[in-house]
Amino acid sequence: METLEYTDVNAHVVARCKEGDRKAQYELYKLYSKSMFNVSMRITNDYTEAEDVLQESFLSAFRELHTFKGDSTFGSWLKRIVINKSITKVRSRRLQVVPMEDHQDIAEEAPDYDQEEMEYKVESIKKAIQSLPDGYRVVLTLYLLEGYDHGEIADILSISEATSKSQYSRARKKLLTLMQEQSFLS
């Protein structure tokens, strides 16, 4: 079987950054700032905090660029920094992780919805996600939107994998409930 070698298209810009080229740092900022802001915004759910996280993440990335080995893309390395700093921001607001005592099989308790009948507007879904409690929103965002599995989420949030699954299941159930409410259907 042939293995494909991945090459980061921005590796030359990263290399220039490592040499202290300020213009290269600005190029990287322009390349990644919008998408990294969106990642942070989905997790923090606060415009000002997302801006702070973005600034802190780029400063940290440029300061620690010598530790970037290039075994992943610069974008994925930076994204991990943004996610960690976003989670730290949310935790500073006292992240609410709901204990899972009597919610072992929440997925089975979820009402049966006809997926085809549930056509919601994108803005309504965003609004519903933003209204979730921090703990639910963070896990849901990391799993659904950022593509992390529950093991990775457990590592990032320092929780068990079962708690991550439970939080995700509850977040999904709460999201469906919110979307059924009158205010999200208009």
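I read the chain along its sequence and got the pattern α-α-α-α-α-α-α-α-α-α. That is 10 helices and zero strands, where helices (H or I, at least four residues) and strands (E, at least two) are DSSP runs numbered from the N terminus.

I noted that the model is predicted, that local features need pLDDT of at least 70 and side-chain atom pairs pLDDT 80 or more, and that totals for chains, interfaces and linings use all residues. Residues are numbered from 1 along each chain as its sequence is written, and side-chain values use heavy atoms, without hydrogens and water.

I looked up burial (under 20% relative accessible area; exposed is over 50%, partly exposed in between; 1.4 Å probe, protein chains only). Buried residues are 40% of the 186 residues in the chain.

I then went to α7, residues 134-145. Its 12 residues should span 16 Å at 1.5 Å a residue, and its end C-alpha atoms are 15 Å apart, which agrees; the expected span is 1.5 Å times one less than the number of residues.

I found nine of the 12 residues of α7 buried, so the helix is largely enclosed by the rest of the structure. Among them are D134, Y136, R137 and L142. Their cover includes α2 (22-44), α4 (74-92), α6 (122-130), α8 (150-157) and α9 (161-180), with contact meaning heavy atoms within 4.5 Å.

I checked Y143, also in α7, and it is partly exposed at a relative accessible area of 31%. After α7 comes G147, which has a positive phi near 80°.
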